[in-house]
Amino acid sequence: MLETVSEAEQPQDLSTEPIEDVNESAIAIVDPSVDEEELDAIDDVEMSLFDHLEEFRSRIFYALIAVIVGVIGCFAFVNKIVALLEIPAQGVKFLQLAPGEYFFVSIKVAGYSGLLVASPAILYQIVRFILPGLTRKEKRAIAPIVFGSSILFVLGIVFAYELLIPAALNFFISYGGDVVEQFWSIDRYFEFVLLLLFSTGLAFQIPVIQALLAMTGIVNSARMLAGWRYVVLGAVILGAVLTPSTDPMTQSLLAGAVGILYFGGIFLVKAMGK
């Protein structure tokens, strides 16, 4: 007499198992055509709008903490920073034209310097916020873009400090130097220096913007090169807008740097195969 096989002893039909229980390695073995991006999509955890807002709030909070710490740290050494930024003035005497003017200048210098010191932490929070929404290919590209952007920003500040600011100040000091005595408002001087430093640092982000536009498929190297005439005109206008002074030397130096950066960005995009 045949014995009835119990339900627990009956062989399981693997085809009835839910697809959610199959791990990534099993998917790769069963279907070799599954690429890494699809596996990344499997790993992605969907977040609600509230979760995204909460994540955004926390990232802003951490970035603000980094800025506050940077500003406080720079304020402790603000006199040394001020002395460093006064070097391009070539010994010009500075005046405090109102009570507390130097105190507010110190706060301004500490604010800009603290923002610069905290910029790596700010970039880190931005990357951590956008990273989960990127594909694996985009994740691999984000690191060199962030690193290159940071290097270019620092190079822009160094370029402004070593070339643009001395060129502009030499023009103003030499013009009418035998007629008027050189006494400058310390507040106006640091408005000029800080604005020129950070505007030049931002202008040096042009190759990064070109790389991002090429990655998204908006433009390619051929179209960038075809519009070189407009770029030259735009570089001249940008040099006039970004430089707080009106001397032609500073504007020409910045416009030339913008043009060189743009054509360097074209070679970068070409090297990317775009």
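In what order do the elements of the protein run from the N terminus on? The order is α-α-α-α-β-α-α-β-α-α-α-α-α, which comes to eleven helices and two strands. Helices (H or I, at least four residues) and strands (E, at least two) are DSSP runs numbered from the N terminus. This is a predicted model, in which local features need pLDDT of at least 70 and side-chain atom pairs count only at pLDDT 80 or more, while totals for chains, interfaces and linings use all residues. Residues are numbered from 1 along each chain as its sequence is written, and side-chain values use heavy atoms, with hydrogens and water left out.

**Confidence**
- The average pLDDT (the predictor's confidence in each residue, from 0 to 100) is 76, and 78% of the residues score at least 70.
- Among the elements, the lowest mean pLDDT, 40, belongs to helix H1 (residues 24-30), and the highest, 90, to helix H4 (residues 78-86).
- Residues 1-35 have a pLDDT below 50, and this stretch has eight contacts in the model beyond near neighbours in sequence; contact means heavy atoms within 4.5 Å.
- Where pLDDT is low, predicted coordinates should not be read in detail.

**Burial and the nonpolar core**
- Of the 274 residues, 33% count as buried, that is, under 20% relative accessible area (1.4 Å probe, protein chains only).
- A nonpolar core is a set of buried Ala, Val, Leu, Ile, Met, Phe, Trp, Tyr and Cys residues joined through side-chain atoms within 4.5 Å.
- The largest such core has 47 residues, of which Leu85, Val109, Phe190 and Leu197 touch the most other members.
- Elements giving two or more residues to this core include H4, helix H5 (101-130), helix H6 (136-174) and H7; the largest share, twelve residues, comes from H6.
- Leaving aside residues up to four places away in sequence, Val109 touches Val78, Ile81, Val82, Leu85, Phe190 and Leu194.

**Helix H7**
- Helix H7 (residues 186-203) has 18 residues and reaches 26 Å from its first C-alpha to its last, close to the 26 Å expected at 1.5 Å a residue; the expected span is 1.5 Å times one less than the number of residues.
- Because 14 of its 18 residues are buried, H7 is largely enclosed by the rest of the structure.
- Ser199 lies in H7 and is buried, with a relative accessible area of 8%.
- The side chain of Ser199 reaches the backbone oxygen of Leu195 at 2.8 Å.

**Aromatic residues**
- Phe94, Trp184, Tyr189 and Phe190 are linked into a cluster by ring pairs, with ring centres within 6.5 Å (the six-membered ring for Trp).

Terms used: Buried < 20%, exposed > 50% of the residue type's maximum accessible area, 1.4 Å probe, protein only. Phe/Tyr/Trp six-rings, centres within 6.5 Å; stacked < 30°, edge-to-face > 60°. Polar contact = N/O pair within 3.5 Å; in protein donor to acceptor, adjacent residues only side chain to side chain.
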